[in-house]
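Welcome! Let's take a friendly walk through this structure with a few questions and answers.

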Amino acid sequence: MSQKVAVLGTGKIGEALLSGMLRAGWAPADLLVTARRPERAAELHERHGVTPVTNQEAAKTADTLILTVKPQDMGTLLDELAPHVPAGRLVISGAAGIPTSFFEERLDPGTPVVRVMTNTPALVDEAMSVISAGSHATAEHLAHAEEIFGAVGKTLRVPESQQDACTALSGSGPAYFFYLVEAMTDAGILLGLPRDKAHDLIVQSAIGAAVMLRDSGEHPVKLRENVTSPAGTTINAIRELENHGVRAALIAALEAARDRSRELASGNS
């Protein structure tokens, strides 16, 4: 892997991506990083052996630029990069809600842009990264993005028009599960269990259920029915979830997340 890849604005997700790429076979010498604080850049060099550079140096020397700054900082970063990014340079955006057209309008005509929405399980190599092509990105560019983000989990190509929905489902998705675990832990305490035991019971149940969903090939309704005996404990719990509108609340919550992603895309902070 001789192409140079630069991660700009290297926070937790950017560092997770670097770490995954190194494990996947990238040479540290081929990985460049930028960070707002010099001590952060030095830390990344010490920990991973990658090369700290300025944003301008990254734009001039890297074959692929991965922009991982916050959405509200992306315009400022592009203003800095634009004079130094050749038209053929692949630009990968990891910023929520920002369309590829935002980059194409600020960079040289013909610059290939790929939009990627990943999520925090990248920190444990279990990310779900959703990849979309801009106007000038080719199948080769998409494959290169898949190679990079495949180092920290699974990838999925979608049309850019579906990115806001994917942000609602998987970009924000881990938070919904953490919220559910938090609520179930509180319920366990209410039922008389110590917090640590309630936590262990719920987390392992969640891991087991996720593996069954991934590996069994069964529809979630079928898997749920397998646990739901007539007049048993599970059906009583499901009835209460339905009585309290949990299904409708989840749908409304994801619609709200999608709508917020659209607002970010339109420039509303």
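Helices here are DSSP runs of type H or I with at least four residues, numbered from the N terminus. Please keep in mind that this is a predicted model.

Q: Which glycine takes a positive phi just after helix 9?
A: Helix 9 covers residues 195-215. Just after this helix, a phi of about 75° is found at glycine 217.

Q: What length does helix 9 reach from its first C-alpha to its last?
A: Helix 9 has 21 residues. At 1.5 Å a residue, 30 Å would be expected. The helix comes close to that, reaching 30 Å.

Q: How far apart do the C-alpha centres of domain 1 and domain 2 lie?
A: The chain is divided into domain 1 (5-158) and domain 2 (166-266). Between their C-alpha centres the distance is 32 Å.

Q: Which element gives the largest share of the lining of the second largest pocket?
A: This pocket has a volume of about 630 Å³. Of its 27 lining residues, those closest to the centre include Ile13 and Met117. Among the elements that give two or more residues to the lining are strand 6 (113-117) and helix 12 (246-265). The largest share, four residues, comes from helix 1.

Technical notes: Residues are numbered from 1 along each chain as its sequence is written. This is a predicted model: local features need pLDDT of at least 70, side-chain atom pairs count only at pLDDT 80 or more; totals for chains, interfaces and linings use all residues. Side-chain values use heavy atoms; hydrogens and water are left out. The expected span of a helix is 1.5 Å times one less than its number of residues. On a 1 Å grid over the protein atoms alone, a cavity is a set of points where a 1.4 Å probe fits but cannot get out, and a pocket is an open set with protein on both sides within 12 Å along at least five of seven lines; lining residues have an atom within 4 Å of a point. Grid points are joined across faces, edges and corners, and a volume is the space filled by probe spheres set on the points. Domain bounds come from an automatic or database domain assignment.
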